[in-house]
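Reader: I am new to reading protein structures. Could you walk me through one, feature by feature?

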Amino acid sequence: CHPTQTLADILTIKRELGRLDNMVIGLCGDLKFGRTVHSLAKAMTRYPNVSFVMISPDELKMQEHILEELREAGVSYREVKDMESVMPELDILYMTRVQRERFDDPAVYEALKDVYILDAAKMKNAKDKMAVLHPLPRVNEIAVDVDDDPRAAYFRQVENGKFMRMALI
């Protein structure tokens, strides 16, 4: 669980979209090992009309116990492999990096590390008010040409995290 990151994520979503309900959240990349997406999925079950699109290869799919919690909370989700096809419907796109240290077999890591790379071309199909979040650090799953897009919220997310953690301390 990633409690302070989740608080920063929720604050960022609220600041970027002005709400915490009625949204479609895309979780992209390493959903199997990514603790930040596990925590965010659990936290967002408390808000009405939130649904998820899980974007990952089979090897990195969201763990079943998280999906079970979503089902028990009545939260809808679907699993897809293609980021581009779902971009137009997302209010939030939460990118994650594929973490080398989570793999016993380096070949599997190498095969999966660049499956999803968000770039300016893919952003053209996104909503005008969509926000891109990422817990950072990034490797190459978000191209630097996205950084200047006003929907790139990950640097603001870092700042929100700093203030969130200062408040808790």
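Author: Gladly! Let us begin with a term: a polar contact is a pair of N or O atoms within 3.5 Å, where, within protein, one must be able to donate a hydrogen and the other to accept it. Keep in mind that this is a predicted model.

Reader: Which side chains does a polar contact of 2.7 Å join?

Author: Those of Arg151 and Asp149. The Arg151 side chain also reaches the backbone oxygen of Ala126, at 3.3 Å.

Reader: Where is Arg151, and is Arg151 buried or exposed?

Author: Look in the loop between S5 and H7. Arg151 has a relative accessible area of 12%, and buried means under 20%, so Arg151 is buried. Leaving out residues up to four places away in sequence, Arg151 touches several others, including Met123, Asp128, Val132 and Arg156.

Reader: What about Gln5: buried or exposed?

Author: Gln5, in helix H1, counts as buried because its relative accessibility is 11%. Its contacts beyond four places in sequence are Thr36, Tyr94, Pro135, Gln157 and Arg165.

Reader: How do I read a nonpolar core?

Author: Think of buried residues such as Leu, Met and Phe, joined through side-chain atoms within 4.5 Å. Here the largest such core has 26 residues, and Leu27, Met44 and Phe52 have the most contacts inside it.

Reader: Which element gives the most to this core?

Author: That is H2, with five residues. At least two residues each come from H1, S1, H2, S2, helix H3 (64-72), strand S4 (92-95) and S5. As for Met44, its contacts beyond four places in sequence are Ile10, Leu20, Met23, Ile25, Val50 and Phe52. There is also a second, separate core of 21 residues, with Ile55, Met83, Ala126 and Ala152 among them.

Reader: How should I read the side chains of a strand?

Author: In a regular strand the side chains alternate between the two faces of the sheet. In S4, Ile92 and Tyr94 point one way, while Leu93 and Met95 point the other way, and all are buried.

Reader: Which way does S1 run relative to S4, parallel or antiparallel?

Author: S1 and S4 run parallel, joined by four bridges.

Reader: What should I know about backbone angles?

Author: Most residues other than glycine have a negative phi, and most peptide bonds are trans. Now look at Asn22, which is not a glycine but has a positive phi of about 50 degrees. Asn22 is in the loop between helix H1 (3-17) and strand S1 (23-28). Because its relative accessibility is 41%, Asn22 counts as partly exposed.

Reader: Which phi does Asn49 have, positive or negative?

Author: Asn49 has a positive phi, about 55 degrees, although this residue is not a glycine. You will find Asn49 in the loop between helix H2 (35-44) and strand S2 (50-55). With a relative accessibility of 57%, Asn49 counts as exposed.

Reader: And the peptide bond from Leu136 to Pro137: cis or trans?

Author: That bond is cis, with omega near 0 degrees. Pro137 is in the loop between strand S5 (131-133) and helix H7 (154-168).

Methods
Residues numbered from 1 in each chain as written. Predicted model: local features only at pLDDT ≥ 70, side-chain atom pairs only at ≥ 80, totals over all residues. Heavy atoms only, no water. Buried < 20%, exposed > 50% of the residue type's maximum accessible area, 1.4 Å probe, protein only. Contact = heavy atoms within 4.5 Å. Pairing = 2+ DSSP bridges.
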